[in-house]
Amino acid sequence: MAPTACLPAEICTTIKHIPDKNDYNLNWDHGQFSYHGEDDQPQSRLAAKELILDVLKKRASEVDVDACAPGAEDAFYVADMGEIYRQHLRWKLNLSRVRPFYAVKCNPDPEILRLMAKLGNGFDCASKAEIDLALETGIDPSRIIYAQPCKTKSYLRYAAKMGVKQMTFDNADELYKIKSCYPDAELYLRILTDDSSSMCQFSMKFGASMDVARHLLEVAYQLELKVVGVSFHVGSGAEDPKAFLKAVQDARLVFDQAAEVGHELHTLDVGGGFSQDTFEKFAGVLSDALEVYFPPNIRVIAEPGRYYVASAFTLAANVIARRDVRDPENPTQDAYMLYLNDGVYGNFSNIIFDHQHPVAQVLTCDPDVNPPNAATSEGIAYSIWGPTCDGIDVISKRINLPALLNVGDWLYFEDMGAYTKCSATRFNGFSDNHEVIYISSEAGASALLEY
């Protein structure tokens with residue numbers, strides 16, 4: 001669906017403060033900039049939430065569920081590019097040495113990729129399609145790392161054709177494949193890490209153990225392949241910052257082994273694992289480790305995904321059905337089952353694939369069915385379900401909401417930008433392509449995207 005830029009004048013008035021170029025020291029060369037102003041992100045985020053809520057309500061009010069065309073009441077997103085911009089400023093404040101290569105798989109939305117390119121970031125791609133999406137932004141192929149240790153042969157040949165040289169490996173068979181398909185590639189040895197405390201663990205699938213790392217470096221040298229760096233990934237949604245310290249220490253050992261074998265390594269790829277709530281803690285541990293183990297001449301990149309986009313997307317879904325039941329926890333009270341037009345086979349796929357727990361909030365409800373005493377101080381008990389005929393399609397098994405909701409009302413869910421729309425399906429005939437309304441709550445993002 002084509003991008004929808006939405007920033008009505010009557011909505012802009014809700015923003016208490018939008019930073020302008022005077023707040024920042026901007027160097028537009030290659031999209032790079034640094035931030036030297038005060039940290040007013042909490043204030044900016046509060047203003048952005050008001051803006052997002054107004055846009056959600058305005059869009060929902062345009063739908064008449066009693067007369068609209070089929071699908072007109074489908075779920076939709078509001079995407080705040082300003083939030084991605086704020087996350088980038090936050091990254092620059094805390095990890096200025098580390099250049100982000102955005103993990104395309106997390107959310108390959110074209111506007112996100114366009115902003116990443118404007119910001120000067122690189123791209124972490126895992127397939128031909130993702131490489132194409134990154135190149136469509138107009139970037140140079142040197143800003144892509146093909147970070148898939150086990151690659152399809154035809155994709156390797158395609159990467160060679162497009163000039164995407166940087167790529168990872170973690171086994172000898174992959175080296176022979178690369179020698180055959182793309183001998184000029186620039187290789188990163190991906191090493192095994194302890195990701196036992198992460199939400200999504202990769203160590204069972206990828207990463208060379210430390211006891212085989214030297215052997216792989218020797219095989220690469222014998223094949224006359226160019227190993228230029230080491231990569232690791234502590235797991236998506238990591239919870240233990242010490243995992244970064246151990247991984248950096250191991251990478252240092254591999255750098256030393258590579259030098260002994262005859263490789264000249266110049267780049268460390270610290271992968272992903274960064275999250276909104278723990279970013280400063282993780283960045284502090286990582287920065288200290290890099291300072292101790294890697295001199296300034298070593299280039300450092302990372303592959304953040306959810307860190308950038310999770311909080312930038314808000315989803316609105318319509319109540320398509322309601323069922324009255326007894327409250328299982330208190331049979332003397334009424335409770336309700338709500339059915340939405342989106343569920344775990346759609347944009348709520350993050351519940352199954354990404355261990356998330358989206359929290360419903362009331363966007364609109366009919367005031368005629370909500371007299372002053374409609375809800376108790378504890379709220380009304382609901383379970384919330386998706387639209388398919390599968391029993392696992394449940395969004396919330398129990399939640400209390402402060403209103404009596406009916407068919408046609410709307411709920412909204414924040415923090416829906418990571419691993420949601422990218423893994424939606426068409427199961428049961430429901431759409432996997434929902435409208436996205438793009439806004440910007442930051443002048444810097446607006447300038448880059450020409451909103």
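This is a predicted model: local features need pLDDT of at least 70, side-chain atom pairs count only at pLDDT 80 or more; totals for chains, interfaces and linings use all residues.
The UniProt record, an unreviewed entry, lists K105 under "modified residue: N6-(pyridoxal phosphate)lysine". In the model, K105 sits in the loop that runs between strand 5 (98-103) and helix 4 (110-119). The relative accessible area of K105 is 34%, and the residue is therefore partly exposed. When neighbours within four places in sequence are set aside, the contacts of K105 are D124, E130, Y419 and C422.

Helix 3 covers residues 81-94, and its 14 residues should span 20 Å at 1.5 Å a residue. The C-alpha atoms at its ends are 20 Å apart, in agreement with that expectation. The helix is mostly covered, with eleven of its 14 residues buried. The buried set consists of M81, G82, E83, I84, Y85, R86, Q87, H88, L89, R90 and W91. At the start of helix 3, the backbone nitrogen of G82 has a side-chain oxygen of D80 within 2.9 Å.

The model contains 24 salt bridges. One of them pairs E435 with R59, with 2.8 Å between the closest N and O atoms. Because E435 belongs to strand 19 (residues 435-439) and R59 to helix 2 (residues 41-61), this pair ties together parts that are 376 residues apart in sequence. Both partners fall under the 20% limit for burial: E435 is buried at 17% relative accessibility, and R59 is buried at 16%.

A further salt bridge joins D132 to K128, again with closest N and O atoms 2.8 Å apart. These two residues lie four residues apart within helix 5 (residues 128-135), a separation of about one turn of the helix. An α-helix has 3.6 residues a turn, so residues three or four places apart point the same way. D132 is buried, with a relative accessibility of 19%, whereas K128, at 30%, is partly exposed.

D324 and R322 also form a salt bridge, and their closest N and O atoms are 3.4 Å apart. D324 is exposed at 54% relative accessibility, while R322 is partly exposed at 28%.

No disulfides are present in the structure. Among the cysteines, C68 is partly exposed, with a relative accessibility of 24%, and C389 is exposed, with a relative accessibility of 76%.

Methods: Residues are numbered from 1 along each chain as its sequence is written. Side-chain values use heavy atoms; hydrogens and water are left out. A disulfide is a pair of cysteine sulfur atoms within 2.5 Å. Buried means under 20% relative accessible area, exposed over 50%, partly exposed in between (1.4 Å probe, protein chains only). UniProt positions are given in the numbering used here, feature names are shortened, and annotations may be inferred rather than shown by experiment. Contact means heavy atoms within 4.5 Å. The expected span of a helix is 1.5 Å times one less than its number of residues. A polar contact is a pair of N or O atoms within 3.5 Å; within protein, one must be able to donate a hydrogen and the other to accept it, and residues adjacent in sequence count only if both atoms are side-chain atoms. A salt bridge is a side-chain nitrogen of Lys or Arg within 4 Å of a carboxyl oxygen of Asp or Glu.
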